[in-house]
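This briefing goes with the sequence and structure shown below. Please keep both in view while reading.

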Amino acid sequence: MDNNILVKLNNAGFRQNGKMLVEGVSLQVEKGKIVTLIGPNGSGKSTTAKIALGIYKNIEGSVEKYTNNIGYVPQKISIDWTLPIRVNDFMLLTDKIKDDQVNEALSLTGVIHLKDKSLGNLSGGEFQRVLLARAISKKPELLVLDEPVQGVDYTGEIALYELIKKISDTLNCGILLISHDLHTVMTATDHVVCLNGHVCCSGSPIDVARNNEYKTLFGDQASQILSVYEHNHDHVHSDEGDIKKN
Amino acid sequence: MFDDFFIRALLAGIGVACVTGPLGCFVVWRRLSYFGDTLAHSALLGVTLAYSFELNIALSVFLISSLIAVILIQLQKKTNLPGDALLGLLAHSSLAVGLVVIGFLTFIRFDIMGLLFGDILAVNTNDLLIIWVGGPIILITLKLIWKSLFASTVNYELAEAEGLNPDRAKAVFTILMAAIIAISIKMVGLLLITGMLIIPAAMARNISDSPQKMVFYSIIGGLLSVVLGLFSSLEFNTPSGPSIIAAALVLFILSLLNIKQSIKLKN
């Protein structure tokens, strides 16, 4: 058994109210690697993440989880107004974390100044940064990030993706990332899984980008990304020459 | 200085307020006030059964309330009725069945008013023992499930994903609700018990910015309500249970004034 594996899905699927949300997903996340799930709306990306996290119980196939030290940024989270809760309380929600670790994480995502603010008063982007800070503050072995930069301004988005990449390197943690931003996916990922109710293709970013099913799913945007990707990495593929445009 | 019954009433009230404070916060946060009401209504059935089979009242109320909670969960799974309709169904039918059973028990004289509105001044040393043993057990159990319960109150999936056990915490919390109703039924009565849970917590919400503060103020509010309510009950010769709840209401109104002031300060 490869002991670098953190979580492994074997032919996993989930059915809700008689409707199959996703099926036949096999993937694994290893230490220090970023695996990204892409796919159109309703293709089962969040469902796959929740299967990996063990949130869904009655699944088809199986999940093997080799760590319990997990940080999760869910896609949707709404804080009830009845709950008086500050950013600092939220940081300590699932784990006892030392104050300097809390400060470090909040500084990394650029929201240390909000530490004593009430969670209900944050903007969407600020809240997203707090969510990410909370997930990384416990120095997890596995990070599951479901659209972690939604609502964050453009420059912040790039910085946060760089941060995610850095975290994966420095903590040597595995990351399961869900993103609709194909550009980021293609540049910062080790392994891409393209979903559309099932796995339609998977592999290294460049393999996926060349896949025909992927091209039909994402259309023009996909081929643009391909050219960006090839442009950035043309030295790698220069011996092939056939797709090179620049 | 004071009669023994008054000292006993104070001790009982203080014991109960220390437990309703933190539990009441979760009732407010998790929107369970009607659920608490339903358990409390079913307590009447528990009391009648206690008389019929000569059981301990607190134990009997605890068992019946837990049973009602289990039935509720089963009904939620098996019917398409909305949650509040199911709660209303169980609350009123268990209250009605309890009253019907009382009608059959003609050989026992029931103090119906005492059951509905509480009779804290009739608290005996046995009741005190139940409160001061049961209360700490409830608090310790709540402390043990606190992290899972609070995290899942904020977000269920986050708690589940990061290795906590929200389902177990929820089940344990339901049992704790049945337990607090069982030990406090004699004090404020089954119609007012949810008030003791909700009003101090609602007051605390108005003046707190963190969960710990809200729990703290909720306990303080409950204690003040008990002391103020009991003394005014003695002074004005009013029923003790309603006096305690009325005192809690006064504190809640005061906490609203506090909000206005703090808004003015901010501007």
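In this predicted model, 20 residues of chain B are in contact with 20 residues of chain A; two residues are in contact if their C-beta atoms, placed from the backbone, lie within 7 Å. Residues are numbered from 1 along each chain as its sequence is written, while chains are lettered from A and ligands numbered from 1 in the order in which they are written. Because the model is predicted, local features need pLDDT of at least 70 and side-chain atom pairs count only at pLDDT 80 or more, whereas totals for chains, interfaces and linings use all residues.

**Where chain B touches chain A**

- On chain B, α1, α6, α7 (156-161) and α10 (211-236) each supply at least two residues of the side that touches chain A. Helices (H or I, at least four residues) and strands (E, at least two) are DSSP runs, numbered from the N terminus.
- Five residues, the largest share of this side, come from α7(B).
- By class, this side of chain B has ten nonpolar, five polar and five charged residues. Ala, Val, Leu, Ile, Met, Phe, Trp, Tyr, Cys and Pro count as nonpolar, Asp, Glu, Lys and Arg as charged, and the others, Gly among them, as polar.

**Two packed helices in chain B**

- Helices α1 (residues 4-29) and α6 (residues 125-154) of chain B pack with their axes 10 Å apart, at an angle of about 15°. Axes are lines fitted to C-alpha atoms, for helices over the stretch in contact, and angles run from 0 to 180 degrees between N-to-C directions.
- That angle makes α1(B) roughly parallel to α6(B), a term for angles under 35 degrees.
- Residues in α1(B) that meet α6(B) include L11(B), V19(B) and W29(B); on α6(B) they include I131(B), L142(B) and T153(B).
- The residues of this contact divide into 16 nonpolar, three polar and two charged.

**The sheet in chain A**

- An open sheet of six strands in chain A has the order β5-β6-β7-β3-β8-β9, with mixed pairing. Two strands pair if DSSP finds at least two bridges between them.
- The edge strands, each pairing on one side only, are β5 (70-73) and β9 (199-203) of chain A.
- Strands β6 (residues 142-146) and β7 (residues 174-178) of chain A pair in the parallel sense over five bridges. V144(A) has L176(A) in β7(A) as its bridge partner.
- Helix α4 (residues 124-137) of chain A lies across β5 and β6 of chain A, running at about 170° to β5(A).

**Confidence in chain A**

- Over residues 231-241 of chain A, the pLDDT is below 50.
- Where pLDDT is low, the predicted coordinates should not be read in detail.

Note on methods:
Angles under 35 degrees count as roughly parallel, over 145 as roughly antiparallel, 65 to 115 as roughly perpendicular and the rest as oblique. pLDDT is the predictor's confidence in each residue, from 0 to 100.
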